[in-house]
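Reader: I'm new to this. Could you show me how to read a few features of a protein model?

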Amino acid sequence: MSDPAVPSDPAPADDRLSRENLVVIGVLLVASFVVILNETVMSIAIPVLQRDLGVPPSVGQWLTTAFMLTMAVVIPLTGFLIQRAGTRTLFVFAMSAFTAGTVIAFAAPGFEVLLGARVIQAIGTAIMLPLLMTTIMTVVPEHRRGVMMGNISVVIAVAPALGPTVSGFILDHFGWRWIFGFVAPIALAALIVGGVLIRPVGERIKSPIDYVSVPLAILGFGGLVYGLAGIGESAEDGSGVPVWIPFTVGVLALAAFIGRQLALQRHDRALLDLRVFRSGQFSLAMGAMVVAMGTMLGTFIVVPYFAQTVLQLDPLTTGLLTLPGGLIMGLAGPIVGRIYDLRGPRILAVPGAIIVSAAVWMLVFVSPSTSVWWLLGANAMLCLGLAATFTPLMTLGLGSVEPRLYSHGSAVLGTFQQVAGAAGTALFITVMTVVSTADQDAGVAETEAISHGVQRVFTVAGFLSFALIVIVLFLRRPDADERQEIPAPVAAETRADASDVDLREPDPV
């Protein structure tokens with residue numbers, strides 16, 4: 001058996017990507033970049049929106065909280081939707097929802113309409129990344145997946161990093177409505193081009209949706225993310241709902257959801273098939289992704305806040321702090337992917353995790369006298385480390401599951417990213433607020449108190465980064481025969497009707 005870390009012989013000509021598949025992937029990459037860029041443009045815009053729309057901070061934060069909640073609810077459903085609806089249909093639906101939400105947000109007369117528009121945007125955003133990852137895992141040969149996943153890492157990491165820069169520039173020159181006004185025509189163009197060029201990829205199945213699983217997923221994942229967001233709100237301004245209520249509802253519903261999926265997956269009818277966790281490498285990759293994603297999004301929230309409140313930087317300058325890191329990730333993604341294809345995951349993920357840890361520990365030393373260059377350098381280091389970490393984690397994780405479960409693996413990855421982002425943001429905001437509030441109550445000046453809070457935040461993050469280093473030490477690229485074999489589905493008569501046959505199963509010869 002060949003060494004899994006050593007690439008096989010060059011692929012034959014018929015193993016190369018067809019022009020049609022390259023077009024599909026290209027359109028999906030551009031569309032995903034646009035919708036995910038939209039996730040972080042609000043980080044700098046919310047204070048401006050609160051002032052212009054006359055809402056308090058606790059209400060204004062719902063523009064972010066509602067977006068996260070919608071993402072957390074929709075993403076677990078995407079594994080089933082991709083298999084049932086198909087690539088083209090789901091793309092048109094997702095981009096139509098995102099475009100409509102963007103246009104409504106641009107024209108919103110008040111906060112309530114803007115909030116509804118953000119929810120509509122989030123529905124489209126939630127579908128795009130799992131759709132992109134599933135398509136790549138379906139059509140790209142294994143020996144070329146690293147490069148393609150490197151392109152995805154550009155989308156999931158560079159787009160959030162560039163969001164504050166784009167937002168700061170638009171706010172300084174045009175006003176908050178144009179955050180949506182500039183995105184709308186790009187989204188519409190992607191919708192039209194994709195609607196014309198994208199063709200169905202992979203096989204579709206005919207399986208009835210389980211209507212019990214849907215509300216359980218909504219209450220479970222929605223309750224968990226709402227509870228995590230509520231921790232941060234309670235630390236800042238106080239939450240209208242006691243944090244334990246959504247957590248309790250979320251945990252109970254999630255337990256029921258998991259039990260329901262374990263029963264349904266025996267008949268290939270699960271809304272989110274949990275057999276992906278039979279792969280040890282998938283489980284390790286998801287654990288590392290949670291730590292890395294939580295650290296990244298928490299940092300992208302806290303560092304701009306520190307820059308604006310302590311260093312008194314304007315929105316555009318604050319946004320520019322993330323630009324070099326975003327460019328580094330964009331340039332490094334495809335290179336990291338090629339190295340993965342040649343050498344496997346550990347040669348990238350271990351140094352990447354160490355660089356992430358070093359960048360986080362740099363931020364422990366921030367103070368009111370900290371240079372902008374120190375923040376910029378730490379952010380650039382963090383992005384370099386994440387570029388070397390994300391691609392191996394995604395490629396290895398999804399490549400370790402049985403091919404017929406790629407869509408469910410993508411849904412799990414997307415769900416974990418959202419929960420990790422909510423958890424990281426909640427943890428960072430809570431630690432920062434608790435420490436800075438205690439210091440101010442003791443008579444410490446506000447800027448010093450916030451600095452102390454940020455220092456404690458990154459001390460906690462620094463110790464979490466050690467966990468990331470430990471996890472990636474156990475990563476390895478599995479042999480093809482190490483992937484778990486999923487037993488064939490039970491006889492058709494156990495399903496709702498005879499038409500629910502899994503169309504992906506080959507006919508007997």
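Reader: Which residues form a nonpolar patch on the surface?

Author: Keep in mind that this is a predicted model. The patch is made up of Phe106, Phe169, Phe174, Trp178 and Phe182, and together they have about 460 Å² of accessible area.

Reader: Let's take Phe182. Where is its place?

Author: Look at the loop between α8 (177-181) and α9 (183-197); that's where Phe182 sits.

Reader: And why does Phe182 count as partly exposed?

Author: The general idea is a pair of cut-offs: buried means under 20% relative accessible area, exposed means over 50%, and partly exposed is in between. Phe182 has 35% relative accessibility, so it counts as partly exposed.

Reader: What lies 3.1 Å from a polar atom of the Ser279 side chain?

Author: That's the backbone nitrogen of Phe282.

Reader: Which residues is Val74 in contact with, leaving aside its neighbours within four places in sequence?

Author: Ile123, Ala126 and Ile127. Take Ile123: it is 49 residues from Val74 in sequence, yet their C-alpha atoms are 6.6 Å apart in space.

Technical notes
Residues numbered from 1 in each chain as written. Predicted model: local features only at pLDDT ≥ 70, side-chain atom pairs only at ≥ 80, totals over all residues. Heavy atoms only, no water. Patch = residues over 30% accessible without salt bridge, like charges linked within 9 Å, V, L, I, M, F, W, Y side chains within 5 Å. Areas by Shrake-Rupley, 256 points an atom, 1.4 Å probe, with all protein chains shown as cover. Salt bridge = Lys/Arg side-chain N within 4 Å of Asp/Glu carboxyl O. Helix = DSSP H or I, 4+ residues; strand = E, 2+ residues; numbered from the N terminus. Buried < 20%, exposed > 50% of the residue type's maximum accessible area, 1.4 Å probe, protein only. Polar contact = N/O pair within 3.5 Å; in protein donor to acceptor, adjacent residues only side chain to side chain. Contact = heavy atoms within 4.5 Å.
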